[in-house]
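Please look through the structure shown here before reading the notes that follow.

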Amino acid sequence: MKKNELLKIMDNELMDKLFGFCYARTRDSYEAQELCSDIVFALVKAAGGEGEIEKPYPFIWRTARNVYADFSDRRRIKSDMQYEGNPEDVLPFITDNTDEKAEAEQDSELLGAVYRRIAFLTKEYREAMIMFYLEGLSTAEIALRRNTSEVNVRQRLFSARKKIRSEVETMTTYDNNKPVALDRIDYIIWGDGNPLWGDPRDVLKRQFSNHILWLCHNKPMSAAEISEELNVPTMYVEEELEILVNGANGKYGFLRRLDSGKYALNFVLLDKDEIEKAQGIYIDQLPTVCEIISDFIAEKKDEYLSFPYLNKKKDINLILWQQIKVLIEAFARNTSRILQKKYFSKENEPDRPFTVYGYVYNGKSYDGGLDGISANNLCGYFQVNFVNIYTSRINQHFSCGHDVGNDIQLQLALRAINGLDINSLLEGEKEHAAKAVECGYLYREGETLYTKILISDMKDSDRLFKISRKLEKGYFEAQAQEAAENLAKLIKKAVPDYLLGEWRYVNSLAALPLIDMTVEELIKKGILTPPEDGMAAEGCWAEVRK
């Protein structure tokens, strides 16, 4: 008969005979099942080969005897180095050392090594080993519990034993005492969109997580490979991988599981060299960009002052601080437009409420941002929106999600748009009013408080940044072309193919230094005046609707 027909004759009766053969030659049923699974595995491998078998049953029993001979040799040398109940019952069989004290020490060390290697097996193999050797379940019971076939269980046991045997036999003192490689590694990770949908940064709390991300940044890795690299048991790696894949909402995490079973980054992460090169592309253009912005502001000053703010006084410095982010980002937007049209037009951009992107901390961080909050039916207005930007020169007034309904100081700013008599304030409101003056929401003229932060009507929202956005057309063209060309090369080299649709976030990371560096240059030129202590009306404004 042909070899590939060998499995057809391996019925229950033959399996029982094989088990009887094994039981008669081993110490107990556990060891008999182990030997039997080794014999079956050898027969399965033989069935996968080509050629013919003249007499199948003699072939089967010859294979069984050969496997048993190998089994006996291994047992004699190391007693298979497996736990099968009370360690005291196992230790005498592990070594032939005649020195009893040395023998006991060696056996204890060896058995401990076996336990450690079991912890480094992946979940399916680890569970099979535990259920078989520690819980005493048969292969049939394990198959029923794991909803798989008994053959699969035996193959898992065989592979797990083989891996443990191999690793323990080759383990050196260095390997056994290898420290967990968790030196500190930090990331600067930004978010774009609505973080309330699910921000994966909420689960990135451990250096363990950081190191897993770093390994998967270099190349996709399996749980077993990560375990080996970090010298951390696979069970802990698997738990951490599940957290990093699911993120905070079960929909979006830092890692993705590939069809191969390996794990890869699910967000844009630049290493130290990549972020330096990316940001250097923009910094090289900064002198020319600052000159263009300065000339533009001088040219458009009267237009800025003509905007119908609701404030009693209009201050060009406050207006420019309100507009500065849009003015500076015009260069990056021009670059983004060219990147999209010329280099990444065929890439599908992600469609999700929130996305993260970042880089390995290189000693430089940029803490600026923009937050907006809203409320309805407040202080006589149907709707109000407050916004603040913050940079290295301006402190953050409030963050996303801040409750305006419980912020008395912001409410006083609304009430003081047309002037608020100090004598009309309740006793408890006066302290809040003083704090509102201190943080730049209000200023005082005689016995009247006025709103200092810029306030505009929502019907004018569409043209609030219309003047500044003129910089996006006809300005920075040569600079943006050069920046886009260099960034495209870097993106295609640094970002995996499956993340190329998130190229915009590389552009955002590259442009991070622009705001702080441009602000400093405009301050030197006397175009901007920074707040003395970082907290004032600069960078904060509101819109209202009656």
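Phe386 touches Asp371, Gly372, Ile373, Phe398, Val404, Leu410, Leu414, Ile453, Trp541 and Ala542, leaving aside residues up to four places away in sequence, where a contact means heavy atoms within 4.5 Å. This is a predicted model, in which local features need pLDDT of at least 70 and side-chain atom pairs count only at pLDDT 80 or more, while totals for chains, interfaces and linings use all residues. Residues are numbered from 1 along each chain as its sequence is written, and side-chain values use heavy atoms, with hydrogens and water left out.

**The chain as a whole**

- The secondary structure comes to 20 helices and twelve strands; helices (H or I, at least four residues) and strands (E, at least two) are DSSP runs, numbered from the N terminus.
- Of the 546 residues in the chain, 50% are buried, where buried means under 20% relative accessible area, exposed means over 50%, and partly exposed lies in between (1.4 Å probe, protein chains only).
- Among contacts between residues at least 6 apart in sequence, 74% join residues at least 24 apart.

**Nonpolar cores**

- A nonpolar core is a set of buried Ala, Val, Leu, Ile, Met, Phe, Trp, Tyr and Cys residues joined through side-chain atoms within 4.5 Å.
- The largest such core has 97 residues, and those with the most contacts inside it are Leu270, Ile324, Tyr359, Phe386, Tyr441 and Leu509.
- Helix α15 (residues 316-343) supplies the largest share of this core, with 13 residues.
- Apart from this core lies another, of 27 residues, which includes Leu215, Ala223, Leu230 and Phe254.

**Helix α10**

- Helix α10 (residues 207-218) has twelve residues and reaches 17 Å from its first C-alpha to its last, close to the 16 Å expected at 1.5 Å a residue, the expected span being 1.5 Å times one less than the number of residues.
- This helix is mostly covered, since ten of its twelve residues are buried, among them Phe208, Ile212 and Leu215.

**Helix α15 and its partners**

- The axes of helix α14 (residues 286-305) and α15 come within 11 Å and cross at roughly 135°; axes are lines fitted to C-alpha atoms, for helices over the stretch in contact, and angles run from 0 to 180 degrees between N-to-C directions.
- That angle makes α14 oblique to α15, because angles under 35 degrees count as roughly parallel, over 145 as roughly antiparallel, 65 to 115 as roughly perpendicular and the rest as oblique.
- Residues of α14 including Val289, Ile293 and Phe296 belong to a set that meets a set in α15 including Ile316, Leu320 and Phe331.
- Helix α20 (residues 513-524) packs with α15 at an angle of about 115°, with their axes 10 Å apart.
- Where α15 and α20 meet, Trp321, Ile324, Lys325, Ile328, Glu329 and Phe331 in α15 face Leu514, Ile515, Thr518, Val519 and Leu522 in α20.
- Asn317 is placed in helix α15 and counts as buried at 11% relative accessibility.
- Asn317 touches Ile527, Leu528, Thr529 and Glu538, not counting residues up to four places away in sequence.

**Positive phi values**

- Asn377, in strand β6 (residues 369-378), has a phi near 50°, a positive value in a residue other than glycine, and is exposed, with a relative accessible area of 62%.
- Cys379, in the loop between β6 and β7 (381-390), has a positive phi of about 55° although it is not a glycine, and is partly exposed, with a relative accessible area of 30%.
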